[in-house]
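Subject: Structure for you to look at

Hello,

Here is the structure I said I would pass on. Please open it first, then read the notes below alongside it.

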Amino acid sequence: MNFFKRTPKVVPRVADSDIFNKETEGLSQSQIVRGRFIRHRGAMISVFVLLSIIIFVFSALGFKILGLGYGGWWKYNSIDMTPLRSEGCPGGLGGCPTLDLLPGKNFGLGDHPFGQDDIGRDYFALVMRGAQRSLLVMFVIGIVAGLIGTVIGAVSGYFRGWVDAVLMRFNDFIITIPTIIIGSVIGFHFGNKGVLFLAVFLGLFTWSGLARLVRGEFLTLREREFVDAARVAGASNRRIIFKHILPNAVGVIIVSITLIMSGAILLESALSYLGFGVVSPDVSLGLLISQYQDSFTTRPWLFWYPGLFIIVISLCVNFIGDGLRDAFDPRQRRRLSRKERSKNHDLTTVAKAGEIN
Amino acid sequence: MFAYIGRRVAILLVILFGSSFLLYNLAAISGDPLEGLRGSTDPKAKAQIAALVRTLHLNVPPPARYFMWLKGIGGIFTGHFTLGTTRDGNPVSTYLNSAIPTTIRLITMATVVAIIMGIAVGIISALRQYSRFDYAMTFVAFLMYSLPIFWVAVLLKEYLAINFNNFLANGKISPAWIISAAIISGFFWAALISGNRKKVQIIFAIAAFSTAVFLSLLSLTKWFTHPGLGPLMMFVLGMGFAFAVTYTSTGFNNKAALRSAQAMPIIGLIFYFPVEYIFSKHPGVTPIALMFLLTIIVAVSTALFFAKIDRGPVIRTSVITSVLVGILFLIDKLMKTWVPYINTDAIHFRPIPTISQSNSLLPAGNFWFTFLDTVTHLVLPTVALTLISFAGYVRYSRGTLLEVLNQDYIRTARAKGLTERTVIMRHAFRNTLIPLTTIIVVDFASIIGGAIITEHVFGWQGMGTLFNTAINNYDLNLLMGVFFVTSSLAVLANLAADLLYSALDPRIRVVGKK
């Protein structure tokens with residue numbers, strides 16, 4: 001029985017660390033991080049998928065920023081009702097999806113790729129609109145919470161003393177209130193004021209975990225020699241915080257913001273599902289699921305597409321976060337491919353010695 | 001120690017005060033409880049408004065009203081504890097009293113299952129770092145992390161529950177299912193045990209073949225329509241548990257532990273019919289509790305009989321085995337109740353319900369029916385909640401174990417020639433448990449938040465439902481009642497986590513802080 005035996009590759013070998021050292025020679029920290037991130041296959045695929053989704057979603061339906069509008073290439077919008085298309089639909093129910101990915105004469109998007117809802121609105125347009133909303137909420141929450149969390153964490157970790165005590169108690173207040181409760185209270189009363197307002201408000205209450213992490217990071221970094229050196233050289237507090245400490249803490253911050261963002265898209269959809277988030281006539285992915293969950297047996301497509309978009313977006317953000325964490329972690333050792341190992345064949349005898357079973 | 005706890009509790013009270021003040025005012029200024037009545041043309045509306053203003057003190061501004069609410073809670077010291085009344089005049093605490101047990105029942109099972117499975121999978125994937133199993137589990141964990149629970153819940157209702165009920169109507173597994181299940185199990189076990197190519201192929205073949213034979217046997221004997229274990233099956237399963245528990249707990253070299261664990265299913269076999277008789281004649285919670293108490297006593301005394309020295313591990317092994325055998329007894333009894341249960345008019349061969357927490361049409365007074373009914377109603381919510389929280393435990397336990405395995409004391413343990421089992425289970429796993437305990441405790445509090453959505457989807461009448469009504473009706477006292485319970489739990493969980501941490505890790509001294 002050798003169930004507990006670990007796969008031998010886990011322990012970094014002598015030869016491996018030689019390779020790693022050779023790889024990072026003469027590179028700056030950001031170059032190393034970038035290199036590691038690009039090698040993370042899951043993260044790179046996710047970046048690609050997420051960017052494509054963003055471009056696709058925002059180009060399909062168009063959007064408006066500060067009066068500058070862009071029309072979008074999709075022929076329908078999320079409001080107009082079109083006659084229910086019923087040809088070729090199983091069971092005689094109208095509005096089934098025309099999307100066909102199998103090669104054949106129907107291949108392509110068709111008239112209503114995601115079908116129509118029960119009153120004839122084009123579901124593709126609805127889902128695109130919802131995805132725009134959800135992406136917007138995700139980024140706004142990420143930015144707002146990231147800013148507040150970083151500033152509060154940095155200030156309380158850097159200045160310590162009573163500033164720290166006050167800010168951290170305030171942080172504790174926020175942590176004690178479960179996010180879903182505060183989110184519902186806010187969402188229910190302010191959901192009708194527009195999705196941007198909702199997102200900013202939710203961002204005001206999701207920064208607490210980040211602030212704690214940043215504070216911890218600042219507490220250790222402020223004791224380091226380079227901070228002392230900067231202070232002796234006459235740097236102001238602001239300069240030390242922004243130029244010396246913050247760049248060193250940026251890994252923790254970025255990783256934590258991606259986690260906030262993947263949580264945010266689920267929070268928004270959960271709130272909309274409960275009826276406390278984005279409200280009709282506006283559209284969000286969670287709201288679409290909640291509106292059409294009862295028609296699952298008759299019109300399953302109304303249920304599948306918004307859910308798939310939520311999952312894919314959230315999955316991408318999670319994978320990017322994982323890739324970033326690996327990239328920023330100085331202790332991280334990636335597994336070498338066979339090719340790289342055989343290239344260093346002369347070192348493998350040493351590697352054998354380092355192998356522990 | 002007590003001074004430390006006292007200080008912590010004092011800080012916690014301040015935090016609770018602050019956060020409740022924040023939420024109270026936020027909720028109070030963001031909605032008007034009289035809004036619906038103001039626009040009403042009902043002649044009684046004016047009187048109703050006046051009554052509401054009087055009972056809920058709506059003429060007092062929110063910050064001051066908060067202190068009136070707080071005074072009710074402060075009554076805990078004088079014996080006049082009250083959380084205020086809801087809009088319809090009933091005390092909030094009566095609603096909470098019926099809602100809290102429901103929510104606890106909903107999340108307990110899911111948390112336990114998620115913890116056990118999550119830690120097991122996390123540890124195996126750490127031991128097989130960068131293997132196919134590890135990659136697959138990482139992907140699965142991330143996927144589950146990204147699933148919206150309400151979406152999963154609807155899918156579970158539509159596919160798992162309805163199809164499973166249809167399947168139970170005849171209890172036959174189609175060949176296609178058997179083949180795919182066999183292939184999946186082959187892949188699973190091959191990836192789990194891993195090794196060189198030949199070994200993997202052999203494991204795949206064995207696992208796939210035995211799964212296929214096992215499922216065909218179950219299908220042919222109509223086991224799914226008439227489930228049951230019977231004494232022989234229980235003995236075999238019990239022996240399996242005995243070997244598995246001994247292997248992970250002490251290793252086969254400890255003969256005393258192995259023998260004492262093996263004695264458990266034998267004793268179980270002897271007591272099979274008496275226990276069965278008692279369960280049928282005297283249904284209730286007491287016999288079950290008594291049975292578990294007795295099994296533990298028997299397990300401890302057997303262990304003492306077999307082991308003369310180093311008794312601790314032996315006792316542990318046999319107690320774990322005996323509790324597992326005891327659970328088998330319970331499962332066997334539930335399976336025996338199955339056929340009459342699904343034959344009742346209330347169930348009518350659709351045993352897995354998709355909604356609500358209990359079946360009110362069931363004939364009352366039959367303990368085993370009610371028990372089984374609770375279990376079947378728990379199936380779907382438990383699966384949904386487990387799927388969601390499982391991922392976190394996998395990622396966390398994997399990360400922690402990998403960290404621990406790089407420590408110097410692990411190298412020392414290996415260097416002095418300990419077996420790999422001892423190194424992993426005794427040195428690495430135990431140290432992994434320290435940080436895990438803290439997140440488990442904290443998680444248990446936050447999972448209540450997740451239960452709000454789950455309750456909504458599955459139509460349970462718990463805290464989540466109360467919370468929903470509170471928000472929709474602008475019922476401030478009810479909302480604060482729910483918040484009071486959840487946040488107190490969260491705060492207490494944090495305190496418990498800190499104390500546990502210092503109890504488990506001798507390097508951390510809570511008292512030492514001056």
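Between chain A and chain B there is one salt bridge. A:Asp322 and B:Arg395 form this salt bridge, and their closest N and O atoms are 3.5 Å apart. Please keep in mind that this is a predicted model.

The contact between the two chains involves 53 residues of chain A and 57 residues of chain B. Together, chain A and chain B bury about 5,300 Å², and carbon and sulfur atoms account for 75% of that area.

One residue to look at is A:Asn318, which is part of helix α12 of chain A, covering residues 301-328. Is A:Asn318 buried or exposed? Its relative accessible area is 4%, so A:Asn318 counts as buried, the cut-off being under 20%. Leaving aside residues up to four places away in sequence, A:Asn318 touches A:Leu259 and A:Ser262, and from the other chain B:Phe142, B:Tyr145 and B:Ser146.

Now chain B by itself. Chain B has 19 helices and zero strands. Its C-alpha trace spans about 80 × 65 × 45 Å along the principal axes. Chain B has 514 residues, and 48% of them count as buried. Of the contacts in chain B with a separation of 6 or more, 74% are between residues 24 or more positions apart.

The accessible surface of chain B is about 25,600 Å², with 71% belonging to carbon and sulfur atoms.

Regards

Key: Residues numbered from 1 in each chain as written. Chains lettered and ligands numbered in written order. Predicted model: local features only at pLDDT ≥ 70, side-chain atom pairs only at ≥ 80, totals over all residues. Heavy atoms only, no water. Helix = DSSP H or I, 4+ residues; strand = E, 2+ residues; numbered from the N terminus. Buried < 20%, exposed > 50% of the residue type's maximum accessible area, 1.4 Å probe, protein only. Contact = heavy atoms within 4.5 Å. Areas by Shrake-Rupley, 256 points an atom, 1.4 Å probe, with all protein chains shown as cover. Buried area = accessible area lost by both parts, 1.4 Å probe. Salt bridge = Lys/Arg side-chain N within 4 Å of Asp/Glu carboxyl O.
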